[in-house]
Each structure stands twice: as C-alpha cells, then as structure tokens.
Amino acid sequence: MAAVTQDTAVSTGRVTRAFIYLLLLLFALFYLLPLYVMGVNSVKPLEEITGGNMMALPQVWTLDPWRSAWSTAQIGVEPTGLKPYFLNSILMVVPAVAISTIVGALNGYVLTKWRFRGDTWVFGLMLFSCFIPFQIVLIPMAVVLGKLGLAGSVPGLILVHVVYGIGFTTLYFRNYYAAFPTELVRAAQIDGAGFFQIFWRILLPVSGPIAVVSVIWQFTNIWNDFLFGASFGGTSQPMTVALNNLVQSSTGVKEYNVHFAGAILAALPTLVVYIVAGRYFVRGLMAGSVKG
Amino acid sequence: MTASTAPDFRTRLQDWLPKLVLAPSFAVTILFVYGFIAFTAVLSFTGSKMLPNFKWVGWENYEKLWALPAWNTAIVNIAIFATLYIVICTAVGLLLAVFLDQKIRGEGVLRPIYLYPMALSFIVTGTAWKWFLDPGIGLEKVVRLWGWESFSFTWIKDGDMAIYTIVIAAVWQTSGFVMAMFLAGLRGIDNEILKAAQIDGASNWQLYRRIVIPLLRPAFLSAFVILSHLAIKSYDLVVALTGGGPGRATEMPATFMYSYTFTRNQMGIGASSAVIMLMTIAAIMVPYLYAELKEKK
Amino acid sequence: MGFLDIRNVTKSYGNVEVLHRVDIAVEEGEFLVLVGPSGCGKSTLLNMIAGLEGITGGEIAIKGRVVNGVHPSKRNIAMVFQSYALYPNMTVGQNMTFGLEMHGVPKPERERALADVAKLLQIDHLLDRKPGQLSGGQRQRVAMGRALVRNPDVFLFDEPLSNLDAKLRVDMRTEIKKLHQKLKTTIVYVTHDQIEAMTLSTRIAVMNKGYVQQLGTPKEIYDTPANLFVATFMGSPAMNIIPAKVVLRDGVPHAAVTDADGAERVLRFSQPSLTAWEGKDIHLGIRPEAITDPEGADRKSGNIQSLSNRVTVTEPAGSDTFVTMTLGGRDAIARMRADASVAAGQSYDFAVNMDKAVAFDPATEARILP
C-alpha cells in the first residue's frame with residue numbers, strides 16, 4: 001500500500017501539527033454542518049425553526065415532518081407527498097443502471113479484446129458524449145421522445161439515461177479490461193471458446209469490482225439527475241424534481257422542517273450507497289476524471 | 001493438397017461479431033449525441049419559437065443573444081462562478097490533501113466526511129444551503145441569537161452577492177472530491193524522491209513547492225477539466241439555491257438556455273446559447289481527451 | 001513436405017512488411033526454436049501459426065492441411081504463453097480441461113485425460129487450487145498441462161520461461177527437454193534467450209528484422225554462423241569480431257591484424273580457400289573459448305596459433321577466467337582456465353584455435369564460405 005510506504009518523508013513540528021489538526025477539524029465541521037442542520041430541523045416542529053435557533057437540538061422531537069414529506073405534502077398541485085416520486089425514481093434507476101452497465105461491459109470487452117481499425121475513434125466519440133452540456137440535446141430529445149410516444153414517461157427517462165450513460169460505463173469497463181491480460185483471451189480462443197463464451201466464462205467472472213463501480217456511479221448520477229427529469233419527466237417526475245417543487249412552492253406557509261425531511265429522503269439512497277460502498281464510489285469518481 | 005485460404009465460417013463470424021455488438025451503442029451515440037448536436041446547431045440558425053421550424057435566419061439569433069442583458073448577466077456570472085469555483089476548490093482540495101497526507105490520525109474518518117457531499121444531488125445541496133443561508137431562519141438569525149445582534153449575512157437575497165452563495169454551496173459539494181484526486185496523486189509520488197530532496201536539504205515548504213506540486217501536474221489538469229465542465233453544466237444548483245434570482249441576478253447560461261427554450265418560447269435563441277455552451281466545453285475537453293487517448297496507443 | 005510447413009509466409013501491417021518470406025519445414029517430433037531480439041518477428045510468426053494473427057502472404061500447413069484462415073481452435077495446436085494465461089476464476093483442473101470442454105469432449109474422457117497429464121507433470125495435488133495460489137513454477141507446469149491435455153499436433157511455446165527466476169528457469173528447461181524426449185511431440189518454441197535455444201532445440205531459426213537469418217542445428221548455428229548477426233547473437237560472451245586483412249605467407253592465407261600502434265600480428269587460417277581474398281579486408285570471428293592459455297588449448301585442433309598481447313582486464317567467473325585484450329583496435333575476450341595465471345597490465349602468450357575461426361565479408365556481413 002502506498003499509504004504505508006509514505007512513512008517519514010515529511011516531518012513536521014508539534015505546533016505545525018496542532019495547526020494542521022485544527023484546520024482539518026474545522027473543515028470537517030464545514031462539511032458536516034448542512035447535514036446537521038437538515039437532520040436536526042427535520043425532527044422539529046415548524047415553530048421551533050421560525051421562532052428558535054436553527055442550530056439548537058429540538059425541544060419537542062417529532063416525526064411529523066417526515067410523515068408529511070413522505071405521504072401528504074403538497075407537490076405541485078397534488079398533496080401526495082414524495083412517495084410516488086420516490087417510486088418513479090426507483091422504476092427509472094434500476095433498469096437504466098442495469099442496461100447501461102451491461103452494454104458498457106460488452107463495449108469495453110470489444111474495445112480492448114477485439115480491437116479493430118478506428119476503435120480509438122469510436123471510443124473517443126463515445127467518451128466525449130459524457131462531457132457535453134446536456135442543454136445541447138434537450139430540444140431534439142424532446143422532439144424524439146414525443147415522436148416515440150415516450151414523452152413524460154418512465155421508459156422515456158430510462159432511454160435518456162441509458163443513452164447518455166453508456167459513455168461512462170464503457171469507459172470504466174474499457175479501462176478495467178485493458179489491464180486484463182490479452183493472452184488469456186488468446187488462450188481461450190485456442191481452447192475453442194467463442195466471442196460470447198470468452199466474455200461469459202473468462203472476463204465476466206473477474207469483473208465484479210468494476211461492475212460495482214459502474215453500478216454505483218450510474219445509480220448516483222441517475223438518481224441525482226434533475227435536468228432530464230425536469231425536462232422529460234412529465235407526469236412521471238423523479239424524486240429530485242419533486243423535491244424542488246416541494247421546496248419552491250410559493251403557496252402557503254414554508255414548512256422548512258418538511259423540506260429538510262424531504263431533502264434527506266431524496267439524499268438517502270445515494271448516501272446509503274456511499275456509506276456502504278464508499279471505496280467503490282471514490283474509485284468511480286477517479287476513473288471518471290483521470291482516464292488512466 | 002487442400003488449398004482453401006479463405007477464412008472459415010467461424011473466423012469470419014468472430015470478425016464481425018464484435019463490431020455487431022458495439023454497433024448499437026455507436027449508432028445511438030452518433031444519433032443521440034452528434035445528430036442532436038447538429039439538430040440544435042441547425043435550430044440556432046432558424047426562427048424557431050415554441051416549436052422547431054426551419055425558417056433560416058442566419059446569425060440573427062446569435063446577434064440577438066449577445067444583445068440580451070440576461071445573457072450578458074449569465075456570461076458575467078459564469079465567469080465569476082467558474083473562476084472562483086475552480087480556484088477555491090483546487091486550493092481547498094490541495095490544502096486538505098497535503099494536510100491529510102501528514103500521517104494524520106483519523107484520516108479514515110475525515111476523508112469520507114470531506115467527500116460525502118459528492119454523493120448528494122445538487123437539489124439536496126441547494127435546499128440545505130438555501131435555508132441555511134436564509135436570513136430569516138438561518139445563519140444570520142443563529143448568530144444574532146448567540147448574541148451578536150448586529151450581525152448581517154444577506155448575500156442570498158442580495159443581487160450583487162447571491163452568485164457567491166452558489167460558489168459556497170458548489171465548493172462545499174465538490175472540494176472533497178478534488179481533495180481525493182490530489183491525495184491519490186500525492187500517494188502516487190515515489191517516496192524516494194522526497195527522501196532524496198530532504199537529503200539535498202530542502203525544507204518542507206521547498207519540498208512541496210519545488211518537488212511535490214510540480215509532480216501533481218496531472219492531478220491539476222484533471223481537476224481543472226472536471227471542475228470547468230461541472231461549472232458550465234451547473235443548472236440544478238442554481239435552480240434549487242436561488243432559482244436564478246433574486247430577480248435575474250444569478251442567471252447562468254444553463255438556466256438561460258432552459259428558460260428561453262421552454263418557458264419564453266424563443267427556441268432559436270435557446271439553441272444558440274446551447275451551441276455556445278457546447279463550444280466552450282469542447283474547447284477544453286477535446287484537446288484533453290485527444291491527448292489522453294493518443295498517449296495510450 | 002514437412003509436418004508443419006511455413007511456406008513463403010509474409011506479414012504486413014498496412015504498408016509495412018514486418019515478416020519477409022519465411023520458409024521453414026518442421027519435421028514430426030522436431031523441436032524448432034525461433035530465437036532473436038525483441039521485435040524480430042518471432043512472436044508474430046508463432047501467432048500466425050496459432051491463427052491469432054492473419055497471414056498476409058504465403059501459407060502455413062499442418063499435417064498437409066493449409067490452415068490459413070482456419071480458426072485457432074480448429075488447427076489442433078496448443079499454446080503455452082509467457083504469462084501462462086491461466087484463467088484466474090477457474091481451478092487448475094478446470095483450466096486444464098476448458099479446451100476439451102469447448103471442443104465438446106464428454107466429461108469422463110476429460111477427467112481421464114486430466115488425470116494422466118496431472119500425473120505426468122506431478123501436479124495431481126494442485127488440481128483444486130486457483131492459479132492465484134500457485135508458485136511461478138507450478139503455474140508454468142499447469143500451463144504446460146493445459147497444452148498437453150489437448151494432445152495436439154503441434155505445441156507452441158511463447159517465451160514460457162522468461163517469467164521465472166534464474167534457477168527455476170534452468171530446472172524447467174531441463175523439464176521441458178525431458179518431456180519432449182519422452183513424448184516426441186512437435187514443438188515450436190519462441191525465446192530471446194540464446195542458451196534456451198541452444199539447449200532445447202533440434203533446430204534453430206535465428207531471426208532479425210523480420211528475416212530468418214539462419215536455419216540449422218544448434219551446432220551449425222554456433223560453429224558456422226551465416227552472418228555477423230548470427231555470430232554475435234548466439235553465444236555468451238559474444239564472438240570476437242576483429243577487423244583484419246587477408247595476406248599470403250608462403251602461399252597460405254593468414255589474417256593480418258593491425259593494432260592502433262601500427263604493430264601487425266598474423267594468424268594462419270585453416271581454410272585454404274581464403275587465398276582468393278588476398279589483400280582484402282575481412283572481419284575475423286573468433287569465439288572466446290578459442291582464445292585460451294596454451295595449456296587449455298584444444299588438443300584435437302590442427303591449427304593452434306600463438307598470439308602475444310597485453311591483458312587489459314581479467315574477470316574471474318569461478319569456472320573460467322575471462323580476459324580482455326585489445327586486438328585490431330577493439331576489445332577481444334579470451335576464455336581461460338580458472339587457474340591460469342594472468343594479471344591486468346601484463347603481456348601474455350595466448351593460444352588461438354584457428355580451426356574454429358570464421359571470416360565475414362565486411363560489405364555483406366555474410367560468412368565467407370570455405
């Protein structure tokens with residue numbers, strides 16, 4: 001491990017170290033503060049927020065804001081709570097993640113183990129699609145979804161997320177398979193295994209780690225997406241759009257505690273993923289940035 | 001002597017099967033990415049209003065666009081936002097990475113705390129900071145309750161300062177990720193180089209300034225590319241945090257494009273703003289990706 | 001017609017021809033080694049035999065059947081790779097029988113073949129392990145086992161020993177040789193290590209820059225190298241190449257070597273045919289073991305010449321002592337008995353076995369044929 005060999009390269013004095021610790025702790029507070037504010041105020045009655053101190057712990061603990069956010073809060077015009085939108089998000093995320101990961105794995109396999117003339121160009125074109133500002137495709141996408149009869153539907157959103165997700169999944173699997181010895185593929189060819197047999201029997205069994213990275217990355221990205229959801233969600237809006245509608249609604253009293261509870265609900269799935277599989281999450285981020 | 005030299009069926013099958021497997025993805029990319037880009041580019045030269053039409057108007061949309069005060073606000077805002085966001089994120093990320101690399105006790109606890117905001121949606125981040133910075137219930141009120149009666153922090157309601165609240169929230173969300181990139185870079189540096197520099201008599205400060213930071217060049221480059229592309233795409237955060245307001249004070253190209261296309265029915269102008277956004281990102285990404293892919297050949 | 005025929009085979013990538021008209025006929029049971037520096041085309045040629053790379057021109061036939069365009073799995077060959085290429089997710093047993101499974105061989109038959117080969121290679125106890133749990137030498141055996149199980153017409157080895165440490169490499173080399181002697185299989189073996197080539201092969205093809213420089217038995221390659229490349233590539237330390245001129249003394253050809261200080265030494269050739277080269281420049285090739293101390297000189301040689309020269313460096317290697325001198329303006333190495341008394345800076349009378357000397361044409365670099 002690199003972390004272990006980094007032993008005594010830089011030595012620092014006592015005062016410097018105290019300063020370093022202080023600064024690191026201050027930053028930790030900075031990062032934790034919004035989470036604390038959301039958590040604490042989501043279990044307070046509204047009067048305690050408007051009339052009291054946002055940083056204080058609740059005097060009266062209540063789960064009502066959570067119940068309201070989940071099932072009764074006014075989203076747009078309907079008092080449905082976030083529940084149906086949460087389900088929309090699930091229905092959208094699961095197939096989109098599954099399809100884009102499988103397609104990415106096959107693409108990565110072809111691009112590393114069955115190379116052909118111009119394959120780098122094909123990959124480059126796919127890779128660039130990860131980085132375009134999606135504003136550039138909003139108008140034609142709206143037209144095409146309308147023509148396909150998929151506008152405002154969950155399948156429409158699945159299609160959009162798969163299309164603009166395969167660039168990343170392909171990148172992950174390509175980089176991963178590039179490190180996989182090509183001699184193994186050649187050995188399998190001599191052994192008589194075909195294209196899909198090699199993928200299925202030789203590569204897939206060792207693809208666990210990168211599949212986890214790809215799934216987490218896609219899950220986080222698609223769950224957190226707002227632009228496509230707001231543009232093409234129609235009556236099947238995902239969680240993020242609903243949360244924004246809840247928070248931005250200009251009618252009635254602003255129920256801050258409900259907003260905070262809703263925000264946590266929207267953040268919960270990705271936070272859970274981050275806590276459970278943070279290591280893979282970080283690896284996904286890094287692979288998306290440093291194209292090693 | 002059998003003398004058939006044409007490839008057998010199996011060999012030929014294996015020749016086109018990989019391409020066949022890749023073809024749908026490639027076709028989808030060509031159509032949904034490059035075809036759509038072309039479509040939007042064409043629209044930007046038409047008089048499309050609420051729906052696309054193909055009445056050619058030449059550069060009219062672009063001329064109108066640059067004459068619009070809202071677009072000019074958006075350009076000024078993105079310049080301020082992108083500069084501050086990239087500089088501060090890089091500085092904070094580098095500082096945290098260097099400090100965390102000093103054999104810090106509890107690194108395993110601190111690192112995930114710095115990084116978790118990256119897992120959140122910008123909408124969640126925006127909501128949290130919107131209310132935290134709200135003078136009526138958030139920071140200003142808290143400080144006053146703690147006894148500093150004259151404390152005032154109303155940036156989010158102030159047309160001149162609201163853009164900086166977006167910077168704060170965006171830095172909060174991404175700086176931990178930049179930290180992780182720099183930390184990976186630091187851990188990748190050969191320890192023997194550092195030892196050699198120390199034997200040569202370099203102080204800690206000189207060590208970092210002269211040896212370590214130059215060696216982190218690739219991490220700087222990656223951070224710059226990722227951050228600038230995130231900055232230009234920033235839409236959700238603005239919507240959730242300020243909604244582009246107060247007034248139009250925090251308009252950004254992304255919000256401008258959306259409102260002109262879908263709510264103001266000026267699709268031609270919206271398309272031309274999207275083309276400008278794409279050009280800006282392409283100017284950064286294309287050389288970067290080209291260099292990355294070429295190196296590996 | 002041989003068992004494995006490589007007929008006028010060429011390989012091009014785009015406009016660049018990397019392999020030029022290779023023509024080799026391998027007999028059944030032969031152990032052919034392709035040897036050369038990296039980039040000489042030896043692995044490309046092996047991959048073309050395996051069917052992993054296409055053939056641009058010419059044809060390859062196995063047992064009389066032209067296999068150009070035939071899928072690798074239908075050529076009845078087996079290959080041992082440099083990295084062993086063991087499937088990491090399968091056990092040793094599964095690794096070895098994967099090929100049989102892909103070819104639809106029924107399970108009982110696979111098990112029988114596996115048991116036979118495992119016993120032969122003494123890896124029976126490893127069959128349930130994963131490759132990750134094996135040592136380098138064990139992996140090497142498994143890789144060979146995987147090839148043997150198939151019972152192919154031709155075995156292809158791609159630098160199979162280069163990932164092993166020095167001692168294990170020597171052991172496995174002997175192991176492979178024993179196996180070949182026992183099974184009498186046809187083998188094509190690629191290596192960049194000239195000692196492996198010499199020890200293992202029945203015939204060697206020395207390759208460089210996409211050309212087969214020389215094809216012959218190890219003895220032919222070593223004693224009568226076709227050109228300067230083969231002469232210097234095979235053998236360690238390399239053959240001494242000394243600029244010289246052919247002069248006639250009493251009608252007999254001699255090599256005249258001129259030192260930097262103008263002093264001329266002459267060494268009588270054993271080949272009378274070199275008379276034809278009188279007055280011309282040549283490169284004189286003498287292997288280090290042909291320059292010795294007088295007591296260590298080959299008694300069977302009919303032409304030992306004495307050479308007096310100053311010693312510049314001595315390198316005792318235990319079994320021998322290597323002595324460096326300057327000859328014709330270049331360093332030349334002599335191989336002495338370990339206890340020969342030489343010291344740097346002193347003059348010494350070396351014995352040169354001119355029976356073993358060869359001469360090269362400086363213009364074409366080819367050996368001047370007797």
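Me: How many residues does the contact take from chain C and from chain A?
Reply: This is a predicted model: local features need pLDDT of at least 70, side-chain atom pairs count only at pLDDT 80 or more, and totals for chains, interfaces and linings use all residues. Residues are numbered from 1 along each chain as its sequence is written, while chains are lettered from A and ligands numbered from 1 in the order in which they are written. Contact requires C-beta atoms, placed from the backbone, within 7 Å of each other. On that basis the contact takes 17 residues from chain C and 13 residues from chain A.

Me: Which elements give two or more residues to the side of chain C that touches chain A?
Reply: Elements are DSSP runs numbered from the N terminus: helices (H or I, at least four residues) and strands (E, at least two). Two or more residues each come from strand E6 (77–80) and helix H2 (92–102) of chain C.

Me: How do the residues of the side of chain C that touches chain A divide by class?
Reply: Ala, Val, Leu, Ile, Met, Phe, Trp, Tyr, Cys and Pro count as nonpolar, Asp, Glu, Lys and Arg as charged, and the others, Gly among them, as polar. The division is 12 nonpolar, five polar and no charged.

Me: Which helix gives the largest share of the side of chain A that touches chain B?
Reply: Here 76 residues of chain A are in contact with 86 residues of chain B. By class, the chain A side has 55 nonpolar, 20 polar and one charged. The largest share, 14 residues, comes from helix H15 (residues 256–289) of chain A.

Me: Why is chain B more spread out than a compact globule?
Reply: Chain B has 13 helices and zero strands. The C-alpha trace spans about 100 × 65 × 30 Å along its principal axes. The globule rule is 2.2 Å times the number of residues to the power 0.38, with the radius of gyration taken over C-alpha atoms. For 297 residues the rule gives 19 Å, so chain B is more spread out than a compact globule, its radius of gyration being well over that at 25 Å.

Me: What share of chain B counts as buried?
Reply: A residue is buried if 20 or more other C-beta atoms lie within 10 Å of its own, exposed if 12 or fewer, and partly exposed in between, with C-beta atoms placed from the backbone. Of the 297 residues of chain B, the buried share is 45%.

Me: What distance separates the centres of domain 1 and domain 2 of chain B?
Reply: Chain B is divided into domain 1 (1–43) and domain 2 (62–295), with bounds from an automatic or database domain assignment. Their contact takes four residues from domain 1 and six residues from domain 2 of chain B. Taken over C-alpha atoms, the centres are separated by 39 Å.

Me: Which strands of the five-strand open sheet in chain C stand at the edges?
Reply: The order is E15-E19-E16-E17-E18 (chain C), with antiparallel pairing. Strands pair if DSSP finds at least two bridges between them; E16 (residues 304–316) and E19 (residues 347–353) of chain C have seven. One side is left without a neighbour in the sheet, because there is a single partner strand each, for E15 (291–292) and E18 (330–337) of chain C.

Me: Which element of chain B has the lowest mean pLDDT?
Reply: pLDDT is the predictor's confidence in each residue, from 0 to 100. Chain B averages 85, and chain C averages 91. In chain B, helix H3 (residues 69–100) has the highest mean, 92, and the lowest, 79, belongs to helix H8 (residues 191–199) of chain B.

Definitions and conventions
Two residues are in contact if their C-beta atoms, placed from the backbone, lie within 7 Å.
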